[in-house]
Amino acid sequence: MAAKSIPWSHVVSPNGWAVVRPGETVYLSPAIPLPQWRAMDMRLHRKTLSTAIVAVKYAQQPLPRGKTLTLHNPVLGRTYYLIMEPATESLTPLSYMAHTLTVYCETAGMRSACDLSLLYALVSPMAMPDYAALIFRAMAVTEQYTAPQREATWLSWLPRIEREMGEEDWPTKTRKPLDCLADPECHAVLVKLIYDLSEKTRCLGWRLGLWRPSPANCHGAETSPESIIRKFEEGGYTEMAKYALLFIGHWYPVHQLLKYF
């Protein structure tokens, strides 16, 4: 197949996260760097190591539990078993030491496809937003040079959105939110708002279009007594923030997100 016809598609699209199914390998471009300490977490090395994932491969059989890093996602009812190994193949220019992520997933106790948001869980989004943001620019393709299938992970915790996904303007609704997730500053503030609703953080969110209305003491904000009461009662995520959180919310305390939707 000619290189120009390889159907690369984004790891994250308006229709959800790319998945790797049993028997598949999904290649990534660019390689996704991981924090240096992840090599120790995954029992690959006794010291920190600069690694980058060039492919995600579904294991042929369940992985030995004592040698894996296990991620649990109660929102999806999914468990990810992960092993990181030096890569022998790549479809993208290399950056740090190239590695393949071998995975095995169970959903509700049964073998299932693995959504690639597992990469997001490995990159330390709060500490290293640059790495997290890169995932939302990255592309993926299967070893058969086909586009990977998708999973709308948000349907597990906000099923009413399924109706909107069938509307023609769904790609438009999600364009700016995905751009926010692909921007390290916007991504970092969005995640910080999940845990920190201090006035300083809400001001940052307001300036980036993630929080409404503006906190009373933000520069340029309305400060009348009526507006302060209104801001307290009506405060919450903007539409852009809500749609951005659809893509990552399953890795965070969903009950906390929904308070401000």
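How many of the 10 residues of H9 are buried? The count is 8, so helix H9 is largely enclosed by the rest of the structure. Keep in mind that everything in these views comes from a predicted model.

View 1. Leaving aside residues up to four places away in sequence, Lys-242 touches Arg-212, Tyr-237, Tyr-260 and Phe-261.

View 2. As general background, nonpolar side chains in soluble globular proteins tend to be buried together.

View 3. Helix H6 spans residues 184–195, and its 12 residues reach 17 Å from first C-alpha to last, close to the 16 Å expected at 1.5 Å a residue. Its buried residues are Cys-186, His-187, Val-189, Leu-190, Val-191, Leu-193 and Ile-194. How do two packed helices get described? By the angle between their axes and the distance between the axes. For H6 and H9, the axes come within 11 Å and cross at roughly 85 degrees. An angle of 65 to 115 degrees counts as roughly perpendicular, so that is the label for this pair. At the contact, His-187, Leu-190, Val-191 and Ile-194 of H6 meet Ala-241, Ala-244, Leu-245 and Ile-248 of H9. Sorted by type, the contact residues come out as 7 nonpolar, 1 polar and no charged.

**View 4. H5 against H9.** Here the partner is helix H5, residues 170–181, with its axis 8 Å from that of H9 and a packing angle of about 75 degrees. That angle makes H5 roughly perpendicular to H9. From H5 come Trp-170, Lys-173, Thr-174, Lys-176, Pro-177, Leu-178 and Leu-181, and they meet Met-240, Tyr-243, Ala-244, Leu-246, Phe-247 and Ile-248 in H9. The breakdown for this contact is 10 nonpolar, 1 polar and 2 charged.

**View 5. Lys-47 out in a loop.** Lys-47 sits between helix H1 (38–41) and strand S5 (51–58). Its relative accessibility is 60%, and exposed means over 50%, so Lys-47 counts as exposed. Not counting residues up to four places away in sequence, Lys-47 touches Ala-39 and Met-40. For a sense of scale, Lys-47 and Arg-150 are 103 residues apart in sequence and 35 Å apart in space, C-alpha to C-alpha.

**View 6. Two cis peptide bonds.** Worth a look if you are setting up torsions. Ser-29 and Pro-30 are joined by a cis bond, with omega at about 0 degrees, and Pro-30 belongs to strand S4 (residues 25–34). Arg-212 to Pro-213 is also cis, with omega near -15 degrees. Pro-213 is in the loop between strand S13 (211–212) and helix H8 (225–234).

View 7. Ser-124 is not a glycine, yet its phi is positive, at about 60 degrees. You'll find Ser-124 in the loop between helix H2 (117–122) and helix H3 (129–135). Buried or exposed, which is Ser-124? With a relative accessibility of 15%, Ser-124 counts as buried. Tyr-145, likewise not a glycine, has a positive phi of about 60 degrees. The loop holding Tyr-145 runs between strand S11 (139–142) and strand S12 (150–151). Tyr-145 is partly exposed, at 29% relative accessible area.

Key. Residues are numbered from 1 along each chain as its sequence is written. This is a predicted model: local features need pLDDT of at least 70, side-chain atom pairs count only at pLDDT 80 or more; totals for chains, interfaces and linings use all residues. Side-chain values use heavy atoms; hydrogens and water are left out. Helices (H or I, at least four residues) and strands (E, at least two) are DSSP runs, numbered from the N terminus. The expected span of a helix is 1.5 Å times one less than its number of residues. Buried means under 20% relative accessible area, exposed over 50%, partly exposed in between (1.4 Å probe, protein chains only). Axes are lines fitted to C-alpha atoms, for helices over the stretch in contact, and angles run from 0 to 180 degrees between N-to-C directions. Angles under 35 degrees count as roughly parallel, over 145 as roughly antiparallel, 65 to 115 as roughly perpendicular and the rest as oblique. Contact means heavy atoms within 4.5 Å. Ala, Val, Leu, Ile, Met, Phe, Trp, Tyr, Cys and Pro count as nonpolar, Asp, Glu, Lys and Arg as charged, and the others, Gly among them, as polar.
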